[in-house]
Amino acid sequence: MSTFVQVLLNGTGRGAIYALLALGFVVIYKSTEVINFAHGSLALFGGYIVFALKPTLGWLGAAVCGVLAAAALAVLIERVLLARAKLASQDSLAILTIGVDILILTEITRRLGTASAPFLGDPYQDVRLRFLGATIEGPELFALLTAIVLIGGFFVAFRFSTWGLTMRAQSENKEAAALMGIRSWRVTASAWALGGALAAIAILFIATLPVAGGAGLTAAHTIAFAAFPAAILGGLTSPGGAVVGGLVVGLAESSASQYIDNDFAKVAVYLVMLVVLVARPSGLFGKVEQVRV
Amino acid sequence: MLKIENVSVRYGRAVQALHDVSFDVADGEVVAVLGSNGAGKSTLLRAISATLALHRGTVTSGSVTLDGTRLDTLDPAAIVRRRLMQVPEGRQVFGRMTVEENLRVGGLAAEPKRRAAAKARVHELFPVLADRSAQPAGLLSGGEQQMLAIGRALMCDPVVLLLDEPSLGLAPQLIQRIGRIVTEINAGGTAVVLVEQNASMALQVSHRAVVLEVGRLALAGSSAELAASEDVQRLYLGGHADDAHETDAPARPRRILSAWKG
């Protein structure tokens, strides 16, 4: 029983991190219809800033700077590269983000050098909570609490605020939104900023977890790729789906790791994604494209 | 007030959609824009509302001004803030949002103190929108969606309203109702540019009309003048353009109305 609870706790904690990443990914996709393959690099960049500033600013100050820096980088990528390629298709822009990802990853790996796997040394590293005979570790516990607050706040803002209204209007019909006076670039830039910030917050927890592929910043970049199956599982266009997808990925990974094999856990999430997509090609909560014939 | 001068529009590099189109719309006037499919009617509205870029189109020459301010150099949001609103073809309501949220989006660019009055006016014109305020817009009927699309644009209390084929796909009774609504909106002081294929309704509710043919201004004049014109009757009011080709009679020279100088 306690093993099962442990698997659930681990899976939910990891799932919360994936949900943060996947939510940012989906928000960016909803606003621009671009699959952002540089999402892992945004997380990595935020983590690198935390790592670099922590000795002078302390963990909290560095964490705030890291999140803001990742948000700023995301806006920069969108404004300087994507927004200028007005005639490019969404597919071309997605490929462009792969190039951005390679550039950022290479540069940060070069800068980190031998310190390529630094822990971010979080203040919750030694916190543990016992629950029904199982233990939830600090990073997972704080990731879960942070995710609940941030994701809850996001959904309230998305549903009730003017920002949420403009975001939903633009994602549904760009031309009609423009005709209502919504400034497209503001909505898009805010979506990228939010995506970058959520990715950087996620890395604060990922970088401290001893997960498959090692630990630390560059490993976190690889782990951030699990946000893709999480977002795709949810349906790419559904923020709620991204959260559910994140939890499914987290639980699949922790179950496979506990009951089958650690290595199998790495591919388990992709197998779950394949099974879901075969049954529901548009994901669990995705918009089904209907064409009138 | 709204002045379109020698406007030419191109899509991509090859498709010239409008050639040197000029006309103007005075304060409180209803001007109908008639023409068959592909004549450039919707392109003309996009050139006015600066949404051509969303369709990969550009104004290659000419200008659009509203009360002396160039609109063709502004973005759509800046034009909306000058209270020029467009209701696009095919309604394009936000189907996953409620009726109430659609109206809120329409009022985003309006001054906050004007919003309550604008909403009251919309509910007065379209009581059904008040009854269905919590319903997703996608579940409304075609006619109700058209009312919502018009109501959403009215939330900004526009000085000029561009209507793109509001009768498209609607039953004849609803078309008459849309005509009456245009008259009511105009009675409140809003100038209207009405793009329509239903020339009968458009000429009934408008003061003046222009006819576009393959991107060029072919006819212009008062609505009464155009309604009496043989060309308009033959092409847009129940006659058939192909009739002339079906007879062996030599083609008559086309009667051209006096060019409209605005």
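**Close-ups of a two-chain model**

**View 1. Helix α9 (residues 227-234) of chain A packs against helix α10 (residues 239-259) of chain A at an angle of about 125°, with the two axes 7 Å apart.** That angle makes α9(A) oblique to α10(A). Keep in mind that this is a predicted model. The crossing of α9(A) past α10(A) is right-handed.

**View 2. Here are the residues where α9(A) and α10(A) meet.** From α9(A) come Pro229(A), Ala230(A), Ala231(A), Leu233(A) and Gly234(A). Facing them from α10(A) are Gly241(A), Ala242(A), Val244(A), Gly245(A), Gly246(A), Val248(A) and Val249(A). Sort the residues of this contact by class and you get eight nonpolar, four polar and no charged.

**View 3. Over in chain B, four strands line up as an open sheet in the order β2-β1-β4-β5.** The pairing is antiparallel. At the edges sit β2 (15-25) and β5 (69-70) of chain B, each with pairing on one side only.

**View 4. Now for one pair from that sheet: β1 (residues 2-11) of chain B alongside β2(B).** Seven bridges join these two strands in the antiparallel sense. To get your bearings, find Val9(B), which stands opposite Leu18(B) in β2(B).

**View 5. This is where chain B touches chain A, with 20 residues from chain B and 16 residues from chain A in the contact.** On the chain B side, the elements giving two or more residues are α2 (76-81) and α3 (99-106) of chain B. By class, that side of chain B has 10 nonpolar residues, plus five polar and five charged ones.

Key
Residues numbered from 1 in each chain as written. Chains lettered and ligands numbered in written order. Predicted model: local features only at pLDDT ≥ 70, side-chain atom pairs only at ≥ 80, totals over all residues. Pairing = 2+ DSSP bridges. Contact = placed C-beta atoms within 7 Å. Nonpolar A, V, L, I, M, F, W, Y, C, P; charged D, E, K, R; others polar. Axes fitted to C-alpha atoms, helices over the stretch in contact; angles between N-to-C directions. Parallel < 35°, antiparallel > 145°, perpendicular 65-115°, else oblique. Left-handed = near helix turned anticlockwise from the far one by under 90°.
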